[in-house]
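Trainee: I would like to go through this model with you, one question at a time. Can we start once it is on the screen?

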Amino acid sequence: MEGDRNLANEPFLDVFGRGPDARSTNIPSGGGVPPWLAATLNYCSRCGTELTFGEIEGEDRQRLGCPSCGHIAYVNPRLVVTTIPVTDDGRIVLLRRGIEPGRGLWAQPGGFLEVDETVTEAAVRETLEETGLIVEPGEIVGLYSRLEAAVVVLAFEGRVLRGDYRLNPEALEIQAFRPDAIPWKGIAFKTTYWALRDWLNRRRPDIHPADRHWDE
Ligand SMILES: [Zn+2]
């Protein structure tokens, strides 16, 4: 499914660029719904009629609509809430992922925001589920768009209050790393890389992350 314009080519956006989060996404803006997501949107959720893609009166871009009842199937990104848990002695807790994507690689705890919780509740819940640690969410380290995955990743700094590492299907290993010993070569996601880099820039500007060359 193609959008009818590329936002990256809109002259009024030139002065802003794509924002600091553009570094965490690979594809141009304005490309419409990612194909993998469009493939899941076939029928109207109200009446079951097959959806069609195209111009809809009153809409400023082409969209999926129901030719029978007029329902418009808006497609928006989901929010992934993560934390960079920091221990009292200034180490960062990461987990080695037990599931795809990124199985066997290191990432911060996090997951999809549920519809009935706040972002800070999600940060606490996901961190507890995946590490066994209770964190107090603090400053926002960054917000990162991943257009190809249709998500926005929010990273909180999280102060570790208590708890004990608890391995689980999502975490094969949990470890606290000194900021100068982060396993850069084994980082799972671009958003993890950027969140750690942004955290270092803020808290430990004396430490520079190793280059990570992405082959995705
Ligand atoms: Zn319908």
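Trainee: What is the strand order in the open sheet of three strands, and how do the strands pair?

Mentor: First, the ground rules: this is a predicted model, so local features need pLDDT of at least 70 and side-chain atom pairs count only at pLDDT 80 or more, while totals for chains, interfaces and linings use all residues. Residues are numbered from 1 along each chain as its sequence is written, and side-chain values use heavy atoms, with hydrogens and water left out. Strands here are DSSP runs of E with at least two residues, helices are runs of H or I with at least four, and numbering starts at the N terminus; two strands pair if DSSP finds at least two bridges between them. In this open sheet the order is S1-S2-S3, and the pairing is antiparallel.

Trainee: Which are the edge strands of that sheet?

Mentor: An edge strand here pairs on one side only. Strand S2 (residues 63-65) is joined to S3 by two bridges. Within that pair, Leu64 stands opposite Ala73 in S3. The edges are S1 (52-54) and S3 (72-73).

Trainee: Which residues coordinate the zinc ion?

Mentor: Donors are N, O and S atoms within 2.8 Å of the metal (3.2 Å for Na, K and Ca); water is not among the atoms, so sites may look incomplete. Here the donor atoms are SG atoms, at 2.3 Å. Their residues are spaced C-x2-C-x18-C-x2-C in sequence. They are Cys44, Cys47, Cys66 and Cys69.

Trainee: What is the geometry of the zinc ion's site?

Mentor: Four donors count as tetrahedral if all angles lie between 85 and 135 degrees; four count as square planar and six as octahedral if opposite donors are over 155 degrees apart and all others between 65 and 115; anything else is irregular. The angles among the four donor atoms run from 99 to 119°. The site is therefore tetrahedral.

Trainee: Is Cys44 buried or exposed?

Mentor: Buried means under 20% relative accessible area, exposed over 50%, and partly exposed in between (1.4 Å probe, protein chains only). Cys47 has 38% relative accessibility, so it counts as partly exposed. Cys44 has 5%, so it counts as buried.

Trainee: Which residues touch the most other members of the largest nonpolar core?

Mentor: A nonpolar core is a set of buried Ala, Val, Leu, Ile, Met, Phe, Trp, Tyr and Cys residues joined through side-chain atoms within 4.5 Å. The largest one holds 22 residues. The residues with the most contacts to other members are Ile84, Ile187 and Leu196.

Trainee: Which element gives the largest share of this core?

Mentor: Elements giving two or more residues include strand S4 (78-86), strand S8 (133-146) and helix H3 (190-203). Another core, of eight residues, lies apart from it; Val93 and Ile174 are among its members. The largest share of the 22-residue core is six residues, and it comes from H3.

Trainee: Which residues does Thr192 touch?

Mentor: Thr192 lies in helix H3. Its relative accessible area is 0%, so it is buried. Contact means heavy atoms within 4.5 Å. Not counting residues up to four places away in sequence, Thr192 touches Trp106, Ala107, Gln108 and Ile187.

Trainee: How many bridges pair S5 with strand S10?

Mentor: S5 is mostly covered, with five of its six residues buried. Two bridges join S5 to strand S6 (residues 106-107) in the antiparallel sense, and there Leu95 stands opposite Ala107. With S10 (residues 171-177) the pairing is also antiparallel, and Arg96 has Glu173 as its bridge partner. The S5 and S10 pair has six bridges.

Trainee: Which peptide bond is cis, with omega near -5°?

Mentor: Look in the loop between S5 and S6, where Pro101 is found. The cis bond runs from Glu100 to Pro101.

Trainee: What is the phi of Ala150?

Mentor: Ala150 sits in the loop between S8 and S9. It is buried, because its relative accessible area is 14%. Its phi is positive, in a residue other than glycine, and lies near 55°.

Trainee: How many helices and strands are there in the protein chain?

Mentor: Of the chain's 216 residues, 42% count as buried. Along the sequence the pattern is α-β-β-β-β-β-β-β-α-β-β-β-α. The count is three helices and 10 strands.
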